[in-house]
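Q: I have a structure here that I'd like to go through. Can you start with the sheet?

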Amino acid sequence: MDFGGFKSGFVSIIGRPNVGKSTFMNKVLGQKVAIMSDKPQTTRNKIQGVYTKDNSQMIFIDTPGIHKPKHQLGEHMMKVARNTLRETEVILFIINAAEEIGRGDEFIIDMLKNTKTPIILVLNKIDLIHPDDLIKQIEVYKDKLNFSDVVPISALQGNNIDRLLGVIESHLPEGPMYYPEDRITDHPEHFIVSELIREKALHRLSQELPHAIGVEVLKMKGDDGGKVRVEALIYVERESQKGMVIGKGGKMLKEIGREARMDIENLLGSKVFLELWVKVQKDWRNKPTFIRSLGYKD
Ligand code: GDP
Ligand code: MG
Ligand code: K
């Protein structure tokens with residue numbers, strides 16, 4: 001495949017609690033981004049955010065389980081975490097440079113041993129320390145693990161973030177723009193989730209209505225039971241198509257919902273309650289603003 005020089009890839013973020021992972025993500029993506037809340041981690045990867053530039057795209061993902069102490073980690077979680085690390089292009093190991101290395105860091109280092117994926121050591125909170133101490137910290141970590149790069153930053157003050165993004169980019173292969181850039185800045189998950197639903201609907205109905213389907217996620221919200229509630233609309237162009245999507249006794253819609261829900265649960269790393277409606281929107285494909293509201297660029 002020729003991607004015209006565009007580079008893209010997945011970036012795992014690892015670090016014990018309070019080292020500044022969320023602060024870093026917010027700095028990179030801007031405050032507008034709706035990042036899923038820090039729900040207790042389940043077994044899958046979570047997309048934390050997607051950062052798109054002119055000629056590259058980075059998809060930041062959380063590595064489940066890895067922030068937990070060892071004794072709480074089942075074998076399965078361990079395996080999921082290892083697979084995640086193997087399957088991403090780069091690993092960002094974020095530490096708090098203003099604190100001595102601790103058990104949480106050591107645990108992560110253990111886990112990263114034997115990983116072939118390039119690991120960038122990110123020393124955060126450099127605004128809190130003297131440069132001499134920074135050098136000492138780097139030595140401590142370098143003694144324990146091989147890093148492809150070492151980048152000191154202050155996520156809070158925004159120091160050296162550009163440099164870190166450049167280093168990440170240098171590890172990305174040529175690839176596609178996985179996610180459209182415009183939607184990503186406000187509700188990254190909404191678009192991705194709508195695409196998952198659309199994919200399932202198209203898969204089941206491709207014979208009958210190849211491109212007549214659009215999906216809009218209206219709401220995505222966690223509830224007290226730890227489930228994420230997703231409400232989405234499936235748009236079709238004609239009344240007859242609505243019938244096809246719903247199916248006899250609602251069977252088709254149920255199937256689409258079931259398959260989509262499983263994918264969304266994998267994506268978000270939590271249980272999902274998915275509610276789908278079908279709506280006729282005449283000629284939606286010919287209405288640019290409507291198409292844009294669904295997250296597509298025209
Ligand atoms: P996370 O648990 O790894 O996601 O950590 P957070 O992003 O929630 O940050 C934990 C705390 O560290 C917050 O109070 C942040 O404001 C603070 N923090 C994050 N980055 C920096 C930094 O570069 N410098 C300073 N001084 N504080 C920071
Ligand atoms: Mg956080
Ligand atoms: K989060």
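A: There is an open sheet of three strands, in the order E7-E8-E9, and its pairing is mixed. Two strands pair if DSSP finds at least two bridges between them. Helices (H or I, at least four residues) and strands (E, at least two) are DSSP runs, numbered from the N terminus.

Q: Which strands stand at the edges?
A: Strand E7 (214-222) and strand E9 (272-280) do; each has a single partner strand, so one side of each is left without a neighbour in the sheet.

Q: How far are neighbouring strands turned against each other?
A: By 15° on average, direction ignored. Axes are lines fitted to C-alpha atoms, for helices over the stretch in contact, and angles run from 0 to 180 degrees between N-to-C directions.

Q: Before we go on, what kind of model is this?
A: A predicted one: local features need pLDDT of at least 70, side-chain atom pairs count only at pLDDT 80 or more, and totals for chains, interfaces and linings use all residues. Residues are numbered from 1 along each chain as its sequence is written, while chains are lettered from A and ligands numbered from 1 in the order in which they are written.

Q: Back to the sheet. How many bridges join E8 to E9?
A: Nine, and strand E8 (residues 228-236) runs parallel to E9. Arg229 is opposite Phe273 in E9.

Q: Which helix packs on the sheet, touching E8 and E9?
A: Helix H8 (residues 239-246), whose direction makes about 155° with that of E9. Helix H9 (residues 251-268) also lies across E8 and E9, running at about 135° to E9. Contact means that the C-beta atoms of two residues, placed from the backbone, lie within 7 Å.

Q: New topic. What surrounds ligand 1?
A: 15 residues, and the closest are Gly20, Lys21, Ser22, Thr23 and Leu156. A residue is near the ligand if its C-beta atom, placed from the backbone, lies within 6 Å of it. Helix H1 (residues 21-29) gives the largest share of that shell, three residues.

Q: And what is the shell like by class?
A: Five nonpolar, seven polar and three charged residues. Ala, Val, Leu, Ile, Met, Phe, Trp, Tyr, Cys and Pro count as nonpolar, Asp, Glu, Lys and Arg as charged, and the others, Gly among them, as polar.

Q: Where is Asn18?
A: In the loop between strand E1 (7-14) and H1. Asn18 has a positive phi of about 75° although it is not a glycine. Most residues other than glycine have a negative phi.

Q: Is Asn18 buried or exposed?
A: Exposed, with 12 other C-beta atoms within 10 Å. A residue is buried if 20 or more other C-beta atoms lie within 10 Å of its own, exposed if 12 or fewer, and partly exposed in between, with C-beta atoms placed from the backbone.

Q: What about Lys125?
A: Lys125 has a positive phi too, near 70°. The residue is in the loop between strand E5 (119-124) and helix H4 (131-142). Lys125 counts as buried, with 22 C-beta neighbours inside 10 Å.

Q: And H4, is it largely in the open or buried?
A: Largely in the open, because the number buried among its 12 residues is one.

Q: Last one: what does Gly5 touch?
A: Asn55 and Glu174, not counting residues up to four places away in sequence. Gly5 is in the segment before E1 and counts as exposed, with 8 C-beta neighbours inside 10 Å.
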